[in-house]
Each structure stands twice: as structure tokens, then as C-alpha cells.
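Colleague: Could you take me through this model, with the cut-offs behind each term as we go?
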Amino acid sequence: DKQRQCLQDILSSGRYLLNLINDVLDLSKIEAGKMEARPESLKLADVFDDVITTVKPMLVESGHELSISIADDVPPVYADRSRLRQVLLNLLSNAIKFTPAGGKLRLAAVMKNEWCQVSMIDNGIGVKRENQARIFEPFTQADTLPGETKQGTGLGLALSRQLVELIGGKIWVESEYGKGSTFTFTIPLA
């Protein structure tokens, strides 16, 4: 049992380092203009399902409740599946990480001005107004839950912003410190 736990710790740490390296490489590729998007027509529900399957263990462990809503009038979007998935994973992982156990999370998609608008809504700790612009900068982290140490690298939102812009969209945050956050981004339609 002790060896199994040690091996599990090594595996977990290895995955963390691999993700860190991949994030740094992706950010470097984007900044160098070397990352290409391969957009295609996608059903948003399929991408949401894929992402939720990936984060389900985190949701169960944290006791968070996740609801999904896609407006009936949302047609297929035009995006790179893996890049869109990466953005959604970053936003959902952050929502889980910065929301106290048993929190409420909502992933929603609506039509807005000829764009699909996707929002990740949580009732977590929120982001102070003075930090809202800078959290999209590389290696920047905002406050953590009380009693927690900072986790991650501060690359997830910076990378998400770059990926959203790569597919032609925009990303922003609306938040009230102590009440929660809504991270929203736009995706072109197919």
C-alpha cells in the first residue's frame, strides 16, 4: 500500500509537470505565431460532454454540483476542437479549484450578436476588481481559498485568452469578490 501511494504521487507529479511544460510550450508557440488552429464545425454539447467526463473525478472529490445549459438556438460553432476543449478544461478546473467544497458551477452557452457566448459561472471566492485585468497575464495568480496554498502556475487563463483569440473570439471575467465569478468567451458560428 505504501509503494502504491508513492507510485501514485510520482504519477500525479509527473502529470502536473507534463501539463506545465505543455502550457509553457503552447504559450510560446502562440506568441511566436507558430500555433495553428484547425477549425471545424462542432456541436457544443459534444465538446461539453467530453470535458465533463475528464473533470468528473474532480467534481466528485470536491462535492461540487455542475449544471449545463445550451440554449436551443445555438447552432454548431466553428472552432478547433482540442483548443476549445483546452479552454473549457482551464475554466472548469479553475472554477473547481476556487470554489469551496459543495459549490455550484454552471456551464452555459447562448447566442449573442451572431456569436456563441460560453460562460463558466461559479459561486467561489471571486476575483478582486483590481486583479481582473491582470489574471489573463502569464504567471499571474489571484487569491486562493482561505487556508489553501496557491496551486498551479498562473498560465491557464493566459493560455485560454490566447487560444480564444486564435479562434477569433474574446474572453473576459465578471466577478464580485466573495460571491463568485463568470468567465465568458465568444466562439464564431459554423
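Modeller: Let me begin with a term: a residue is buried under 20% relative accessible area, exposed over 50% and partly exposed in between, with a 1.4 Å probe and protein chains only. This is a predicted model, in which local features need pLDDT of at least 70 and side-chain atom pairs count only at pLDDT 80 or more, while totals for chains, interfaces and linings use all residues. Residues are numbered from 1 along each chain as its sequence is written, and side-chain values use heavy atoms, with hydrogens and water left out.

Colleague: Which residues of α2 are buried?
Modeller: Helices (H or I, at least four residues) and strands (E, at least two) are DSSP runs numbered from the N terminus. An α-helix has 3.6 residues a turn, so residues three or four places apart point the same way. In α2 the buried residues are Leu-44, Val-47, Phe-48, Val-51, Ile-52, Val-55, Leu-59 and Ser-62.

Colleague: How far apart are the end C-alpha atoms of helix α2?
Modeller: The expected span of a helix is 1.5 Å times one less than its number of residues. For the 19 residues of helix α2 (residues 44-62) this should give 27 Å, which agrees with the distance between its end C-alpha atoms, 25 Å.

Colleague: Where in α2 does the kink lie?
Modeller: The bend at a residue is the angle between axes fitted to the seven residues ending there and the seven starting there. In α2 there is a kink of about 50°, shortly before the proline Pro-57, and it lies at Val-55.

Colleague: What is the bridge partner of Ile-121 in β7?
Modeller: β5 is mostly covered, with six of its eight residues buried. It pairs with β7 in the antiparallel sense over seven bridges, and the partner of Ile-121 in β7 is Thr-182.

Colleague: Which residues of strand β6 make up its uncovered face?
Modeller: In a regular strand the side chains alternate between the two faces of the sheet. In β6 (residues 171-176) the covered face has Ile-171, Val-173 and Ser-175, whereas the uncovered one has Trp-172, Glu-174 and Glu-176.

Colleague: Which residue takes a positive phi in the hairpin of β6 and β7?
Modeller: β6 and strand β7 (residues 180-187) pair in the antiparallel sense over six bridges. Their hairpin has three residues between the strands, and the residue with a positive phi, near 90°, is Gly-178.

Colleague: Why is the pair of Phe-136 and Phe-183 edge-to-face?
Modeller: Rings of Phe, Tyr and Trp (its six-membered ring) pair if their centres lie within 6.5 Å, and planes under 30 degrees apart count as stacked, over 60 as edge-to-face and the rest as tilted. A search of the whole structure finds one aromatic pair. The ring centres of Phe-136 and Phe-183 are 6.2 Å apart and their planes lie at 70°, so the pair is edge-to-face.

Key. Two strands pair if DSSP finds at least two bridges between them.
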